[in-house]
Amino acid sequence: MGHHHHEHDVPAMAEFLKDTPNNWGRWGPDDEVGSLNYLTPEQVLRGVKHIRKGEVITLQRLIGDPKGDPVWPGREPAVRSMVMDESTWDTDDAPQFPGGLHYADDKIDAFLQGSTQYDALGHVWYDGKIWNGYDARTTVGGLDKASVEPLGERGIVGRGVLLDMARHRGKTSLDKAETFTHEDLEACAKAQGITIEPSDILIVRTNFLARFFEDPKAFYTDFCEPGLCFSKELVQWFHDKQIPNLVTDTIANEVTYDPATGVALPLHCALMRNLGVTLTEICDLERLAESCAKDGQYAFLYVAAPLKIHRASGSPVNPVVIK
């Protein structure tokens, strides 16, 4: 397994990613939304053309699921706590409102990347520079550049395509550390009767998180998610196709450790930091996959907007697919 490589054997990220494309400066020195710039009004209208029957499917996993919330190792799931409820009025010092209304109030304490979420472009970096070449010191105490706020401000709307890799490979879910390439994505699309077009929002189903709900202990043992595997060709393909957004049902959108070298999460660096591709993680694609398998419609309108949180490196989101 990749993560059994000794640290000194693993190449530095800059070395590993040399000769891969970069979009810094492409949209000017102040850009904070990266490849979302590809989602022009024309792209929105292209997505709208795929609405056939008005079916609405949401992609967020439940926060506070009684069966557990899958999170990246080291993070804790969100904790929701009650502040006010009917028991508040059991005592005489409870607030009294004219007319006699009572109410409930609650709050959550949560990792902003601990549920279905968008990563800000400044969420991951190497060599002291984040997206667009901003200094990584701009993250200290909060992201002054490339936070999630401009993503929330802009919104993400375009043609989404489901690439059901699990069904394509005839599996209930992909295996730990199982990989696939951009060529596999294209073969999957072809089998589904569609073509991946420029500026498509890619939604990739592995159903790997089903394994978390079956056996959390096994899920986290030798943790290595299935997913896209780094190659220069794959990064070039994302660049040439002008992909704005990669959406998956895994915690980190790519195979956790590069099988050849053990490098951790290189596509976060190659796609997000260098190309400005937004990453959407921990989606629940099961209802969407069933719908697409049933009606054969794998392209649709995709709409999402993370919460606007000042200086945050990510935000929960409930993406909406309209077919």
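Which residue stands opposite Thr248 in E9? Val204 does.

1. Basis. This is a predicted model, in which local features need pLDDT of at least 70, side-chain atom pairs count only at pLDDT 80 or more, and totals for chains, interfaces and linings use all residues. Residues are numbered from 1 along each chain as its sequence is written, and side-chain values use heavy atoms, with hydrogens and water left out.

2. Strand pairing. Helices (H or I, at least four residues) and strands (E, at least two) are DSSP runs numbered from the N terminus. Strands E7 and E9 pair (DSSP finds at least two bridges) in the parallel sense, over three bridges. Three bridges also join E9 to strand E10 (residues 278-281), again running parallel. In this pairing Val247 stands opposite Thr280 of E10. From E9 the chain passes through helix H9 (residues 266-273) to E10, a β-α-β crossover that is right-handed (clockwise from the first strand over the helix to the second, with the strands pointing away from the viewer).

3. Side chains of E9. In a regular strand the side chains alternate between the two faces of the sheet. From E9 (residues 245-248), Asn245 and Val247 point one way, Leu246 and Thr248 the other, and all are buried (under 20% relative accessible area, 1.4 Å probe, protein chains only; exposed is over 50%, partly exposed in between).

4. Helix H10. Leu288, Ala289, Ser291 and Cys292 are the buried residues of H10 (residues 286-295). They lie on the same side of the helix because they cover an arc of only 165° around the axis, taken from the directions from the axis to the C-beta atoms. The face turned away from this buried side carries exposed Glu290 and Lys294.

5. Surroundings of H10. Its buried residues pack (heavy atoms within 4.5 Å) against several elements, including strand E5 (156-164), helix H4 (165-168) and strand E7 (201-205). After H10 comes Gly296, with a positive phi near 70°.
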